[in-house]
Amino acid sequence: MAAFDLEEQEQISQIKGWWEQYGKLVTTLAVAAALASVGWQGWNWYKGKQVAEASALYDQLQTAAAEHNAPKVREVAGALLEKFSGTAYADLAALLSAKVQAEAGDLKNARAPLAWAAEKASDPALRDLARLRLASVMLDDKAYDEALAQLQTAPDESLAARFADLKGDILVAQGKKEEARAAYKTVVSSLESATKAESVTLREIAQAKLDAVGGAQ
């Protein structure tokens, strides 16, 4: 029994020594882990709250868009871009707001959300789509050089033909038929073996435009 007590005391002494050496580090790591856990839970709660609030605003935006209420759409979209720019709802709001403003004939207010999405949207493909739509609005606004500038950077492959087609339209508006022909030829060539209905339609439209500006000279 005495031997057992001596062993126990020796173990206790070893534990005390270890704790004196490493106790502060263990306590610090434990506190840090607890704080990290609380912080992670808090961050998840905050992100969930952000998404829920952004979703509610986007519902309002869709309702206003269905009612063709351009001022209301602009107001709600502005709130989404300001308060919830890090959510996908902000990206979608920018595109929808621009569409409503353009349909209302307000090209200035159509350009603003598209410019935001072209630079800050979280999805690269969506940024490309925003650039395409922004260039289209600029074409309608006769801002030809600005429109072409939006199309300079190569887009996602899925949008390449549409970029080239719009570039041809802008060049025609500038009276640059030879350059426009080259752009339309790019569309026709790139979609030569396309089978999807949308792509086939785009190829046929580009071919008609190409014929209109003198064919594949």
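Which side chain meets that of Lys209 in a salt bridge? The partner is Asp169, at 3.0 Å from N to O, where a salt bridge is a side-chain nitrogen of Lys or Arg within 4 Å of a carboxyl oxygen of Asp or Glu. Lys209 belongs to helix α9 (residues 197-212) and Asp169 to helix α7, so that the pair links parts of the chain 40 residues apart; helices here are DSSP runs of H or I with at least four residues, numbered from the N terminus. This is a predicted model, in which local features need pLDDT of at least 70 and side-chain atom pairs count only at pLDDT 80 or more, while totals for chains, interfaces and linings use all residues. Residues are numbered from 1 along each chain as its sequence is written, and side-chain values use heavy atoms, with hydrogens and water left out.

A search of the whole structure finds seven salt bridges. Another of them joins Glu146 and Arg111 at 2.8 Å, N to O, linking helix α6 to helix α4 across 35 residues of sequence. Glu146 counts as partly exposed because its relative accessibility is 41%, whereas Arg111, at 19%, counts as buried (buried means under 20% relative accessible area, exposed over 50%, and partly exposed in between, with a 1.4 Å probe and protein chains only). Through shared partners, salt bridges join Arg111, Asp141 and Glu146 into one network.

Asp106 and Arg74 also meet in a salt bridge, at 3.9 Å from N to O. Because Asp106 lies in the loop between α3 and α4 and Arg74 in helix α2, this pair ties together parts that are 32 residues apart in sequence. The buried residues of α2 include Ala70, Val73 and Leu80.

The largest nonpolar core has 34 residues, and those with the most contacts inside it are Ala117, Leu132, Leu151, Leu166 and Ile170; such a core is a set of buried Ala, Val, Leu, Ile, Met, Phe, Trp, Tyr and Cys residues joined through side-chain atoms within 4.5 Å. Among the elements that give two or more residues to this core are α3 (88-103), α4 (107-120) and α8 (177-190), while α5 gives the most, with nine residues. Neighbours within four places in sequence aside, Leu132 is in contact (heavy atoms within 4.5 Å) with Leu151, Leu159, Arg162, Phe163 and Leu166. A second, separate core of 16 residues includes Leu61, Ala65, Ala70 and Ala93.
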